[in-house]
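Dear colleague,

Please find the structure below, handed over for your records. My findings follow directly after it.

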Amino acid sequence: MIITQENYQQLAYEKMDNLIPAIVQHHLTGEILMQGFMNKEAIEVTLTQEKVTFYSRSKSRLWQKGETSGNTLDLKQLITDCDKDSLIALAQPNGPTCHLGTTSCFPESNFNQRHFISILESVIASRKDADASESYTAQLFAKGMNKIAQKVGEEGVEVALAGVAEDDAALLGESADLLFHLIVLLQARGLTLNDVMNTLIERHK
């Protein structure tokens, strides 16, 4: 169930002394960032301010993640499980989540390929309005849609040629180039790989 201002009172607060465990998950990559506890007031503040806020058991008060460091967590969605006694907060981190300076409080959980493609997409999106001198990606965006589309076409041909006439390493390299330029093209049109995935899902039904 998606938690809103209208239904957060329905959670099973009584099961754990009015505290509900909450896992924070990166809304794009799915990476687990941290875990904390929320009471009714923390949930209300989280929903109202759209900043992930916990109840600190050690300080006995509300604690907004990043209130000192500035590394806040922008709430995208708050959901509960079937028993309404635990939460997942989907969020966009603004800097490292852990006080030790790591992206996650669970640093041993390395990114898998699905995580990385989302990270790559975020990096590419961040270059859309950057100075063209700063990176190759920014240069591509500055050259406009026709040039980006041309690069996708060129990379597609190179993938086909590598598939027929070259070894696996060459095919993988050209495929990586094609995927990168495809993401740039989608971003230039205001689209994402999620949109492509949704199209594939619809076709699979």
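Helix α1 is followed by Glu50, whose phi is positive, near 60 degrees; helices (H or I, at least four residues) and strands (E, at least two) are DSSP runs, numbered from the N terminus. The model is predicted: local features need pLDDT of at least 70, side-chain atom pairs count only at pLDDT 80 or more, and totals for chains, interfaces and linings use all residues. Residues are numbered from 1 along each chain as its sequence is written, and side-chain values use heavy atoms, with hydrogens and water left out.

An open sheet of 4 strands has mixed pairing and the order β2-β1-β6-β5, where strands pair if DSSP finds at least two bridges between them. Its edge strands, β2 and β5, each pair on one side only. From one strand to the next, the twist averages 25 degrees. α1 packs on this sheet, touching β2, β5 and β6, and its direction makes about 125 degrees with that of β5. Contact means heavy atoms within 4.5 Å; axes are lines fitted to C-alpha atoms, for helices over the stretch in contact, and angles run from 0 to 180 degrees between N-to-C directions.

Strand β1 (residues 20-26) pairs with β2 (residues 32-38) in the antiparallel sense over 6 bridges, while 5 bridges join β1 to β6 (residues 87-93) in parallel. Gln25 has Ile32 as its bridge partner in β2 and Leu90 in β6. Of the 7 residues in β1, 5 are buried, that is, under 20% relative accessible area (1.4 Å probe, protein chains only).

Yours sincerely

Conventions
Buried means under 20% relative accessible area, exposed over 50%, partly exposed in between (1.4 Å probe, protein chains only).
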